[in-house]
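Subject: Structure handover

Hi,

Here is the structure I said I would pass on. Please open it alongside these notes.

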Amino acid sequence: MSLFNRGGNTPSTILIKQITRSRNESFGDSFMKDAALAAGPAAKITNNVYRNKALKALEKRNATLGNESEYLNMLCNMNVGDNVSVSGNMTEANLFNYIADYCQMEMMVVKRNMTLGNVSEKIEEKLKNPPAPNASHMTKVSFIRGIEAECAKDMAKVGMGKAKSWFNEKTK
């Protein structure tokens, strides 16, 4: 499933099966069976939460920046996961979370550029080379966190400069 292809041909209902217990079943066995049974609905709920988060972030990003991103469109149309198994749902959820975080990161870069009144060559170079869509989730997350840290550092420098000039003005 992709972000824009929500339903597909998979059932949208969550099935909960009944587990019968035997008298000689240990607590550990009972706990593991319950955890395995709960993993499916939990993964589907997580998937839906991140799907909605990504859709809202994408809508906000496009409205704020006034344009669409080719990279984000490619990510939104990617088919990952199978929307049936636990691992498929979590793979989709990770992609949707990455899309939402990427949108937030792009808006932070725009805010940084507006606040400082210039464009950072270092950040722009990184934005031109985003991670491959099939890169690991941690690679994608570290890419976003690196750019966000760079923006925060630049904006903190400006804030410290303003605070310093205000303090110098008050002590005169």
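Start with Asp101, which is found in helix α3 (residues 86-116). Helices here are DSSP runs of H or I of at least four residues, strands are runs of E of at least two, and both are numbered from the N terminus. Asp101 is buried, because its relative accessible area is 13%. Buried means under 20% relative accessible area, exposed over 50%, and partly exposed in between, with a 1.4 Å probe and protein chains only. Leaving out residues up to four places away in sequence, Asp101 touches Lys53, Ile144, Arg145 and Glu148. Contact means heavy atoms within 4.5 Å. Asp101 and Arg145 lie 44 residues apart in sequence, with 9.2 Å from C-alpha to C-alpha.

Glu106 also sits in helix α3. Glu106 counts as buried, at 12% relative accessibility. Its contacts are Arg61, Leu65, Ser69 and Leu72, again not counting residues up to four places away in sequence.

Before you go further, two notes on sources. This is a predicted model, where local features need pLDDT of at least 70, side-chain atom pairs count only at pLDDT 80 or more, and totals for chains, interfaces and linings use all residues. Residues are numbered from 1 along each chain as its sequence is written, and side-chain values use heavy atoms, with hydrogens and water left out.

On confidence: pLDDT is the predictor's confidence in each residue, from 0 to 100. The protein has a mean pLDDT of 83, and 83% of its residues reach 70 or more. Confidence is lowest in helix α1 (residues 27-65), with a mean of 83, and highest in helix α4 (residues 121-128), at 93.

The overall picture is five helices and zero strands. Of the 172 residues, 31% count as buried. Among contacts with a separation of 6 or more, 68% are between residues 24 or more positions apart.

Now the helix packing. Axes are lines fitted to C-alpha atoms, for helices over the stretch in contact, and angles run from 0 to 180 degrees between N-to-C directions. Angles under 35 degrees count as roughly parallel, over 145 as roughly antiparallel, 65 to 115 as roughly perpendicular and the rest as oblique.

α3 with α5: the axes come within 10 Å and cross at roughly 20 degrees. α3 is therefore roughly parallel to α5. The contact includes Asp101 and Tyr102 of α3, and Ile144, Arg145 and Glu148 of α5. Its residues divide into 14 nonpolar, three polar and seven charged. Ala, Val, Leu, Ile, Met, Phe, Trp, Tyr, Cys and Pro count as nonpolar, Asp, Glu, Lys and Arg as charged, and the others, Gly among them, as polar.

α3 with α4: the axes come within 12 Å and cross at roughly 155 degrees. The two are therefore roughly antiparallel. Tyr102, Met105, Val109, Arg112 and Asn113 in α3 meet Ile123, Glu124 and Leu127 in α4. That contact has five nonpolar, one polar and two charged residues.

α4 with α5 (residues 137-170): the axes come within 11 Å and cross at roughly 160 degrees. This pair is therefore roughly antiparallel too. From α4, Lys122, Ile123, Lys126 and Leu127 take part; from α5, Phe143, Gly146, Ile147, Glu150, Cys151 and Asp154. Five of these residues are nonpolar, one is polar and four are charged.

Best wishes
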